[in-house]
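Open the model in your viewer and keep the selection panel handy.

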Amino acid sequence: MAIETVRAFLKEQGLEGRIHEFDSSSATVALAAEALGTEPARIAKTLSFVNGDTCILIVAAGDAKIDNRKFKDFFGRKATMLAPDEVLRLTGHAVGGVCPFAVNPGVKIYLDASLRRFETVFPACGSSNSAIELTISELEQYSRFDAWVDVCKGWRAEGEG
């Protein structure tokens, strides 16, 4: 079970006690925000995309959407999300619980600029009913991310970048 893998990873970091587990699903941005009592934008959703034989993960704010042009400009390929049946095999986490912790070897992790406007965000912890609150610097540290990117739209005020 992926949450056990994530729990073990976060325990090594001294963060196990900060994991929230819910009686109800937190598999979508709306459900996670409701379970946590926070605004949907602060949910750090992890999106999984095809990258040859493996995948890339982009962690973005809950109100952000992938901008196909920006994605292609940065990654040099069309933004193609993994099929649901590929997600667990390639990431190590099932749909609804994909997170940037304890992922399969070879998976690249990118943090989107849409997250930088928050002091803390809530990524999942490997299951469809879990989350952890992290500062942006903690997210950087524990996700072991590869780079910051700016590949999302819909979260900036009209006319901004």
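**Stop one: the cores**

Select Leu 10, Val 59, Phe 101, Leu 115, Val 121, Ile 132 and Leu 139: these have the most contacts inside the largest nonpolar core, which has 31 residues. A nonpolar core here is a set of buried Ala, Val, Leu, Ile, Met, Phe, Trp, Tyr and Cys residues joined through side-chain atoms within 4.5 Å. Buried means under 20% relative accessible area, exposed over 50%, and partly exposed in between, with a 1.4 Å probe and protein chains only.

Now colour α1 (2-12), β3 (54-61), α4 (84-91), β5 (108-112) and α5 (136-143), each of which supplies at least two residues of this core. The largest share, four residues, comes from β3. Helices (H or I, at least four residues) and strands (E, at least two) are DSSP runs, numbered from the N terminus.

This is a predicted model, in which local features need pLDDT of at least 70 and side-chain atom pairs count only at pLDDT 80 or more, while totals for chains, interfaces and linings use all residues. Residues are numbered from 1 along each chain as its sequence is written, and side-chain values use heavy atoms, with hydrogens and water left out.

Next, centre on Leu 139. Which residues does Leu 139 touch, not counting residues up to four places away in sequence? They are Val 59, Pro 100, Phe 101, Leu 111, Leu 115, Val 121, Pro 123 and Leu 134; contact means heavy atoms within 4.5 Å.

**Stop two: strand β6**

Select residues 120-123, strand β6, which is covered on both faces. Thr 120 and Phe 122 are buried on one side, and Val 121 and Pro 123 are buried on the other.

Strand β2 (residues 43-51) pairs with β6 in the parallel sense over two bridges, and Ile 43 stands opposite Phe 122. With strand β8 (residues 134-135), β6 pairs in the antiparallel sense, also over two bridges; here Thr 120 stands opposite Thr 135.

**Stop three: two positive phi values**

Most residues other than glycine have a negative phi. Pick Ala 102, in the loop between α4 and β5: its phi is near 55°, a positive value. Ala 102 counts as partly exposed because its relative accessibility is 26%.

Finish at Arg 144, in the loop between α5 and β9 (147-149). Phi of Arg 144 is near 55°, again a positive value. Is Arg 144 buried or exposed? Arg 144 is exposed, with a relative accessible area of 55%.

How values were computed: Two strands pair if DSSP finds at least two bridges between them.
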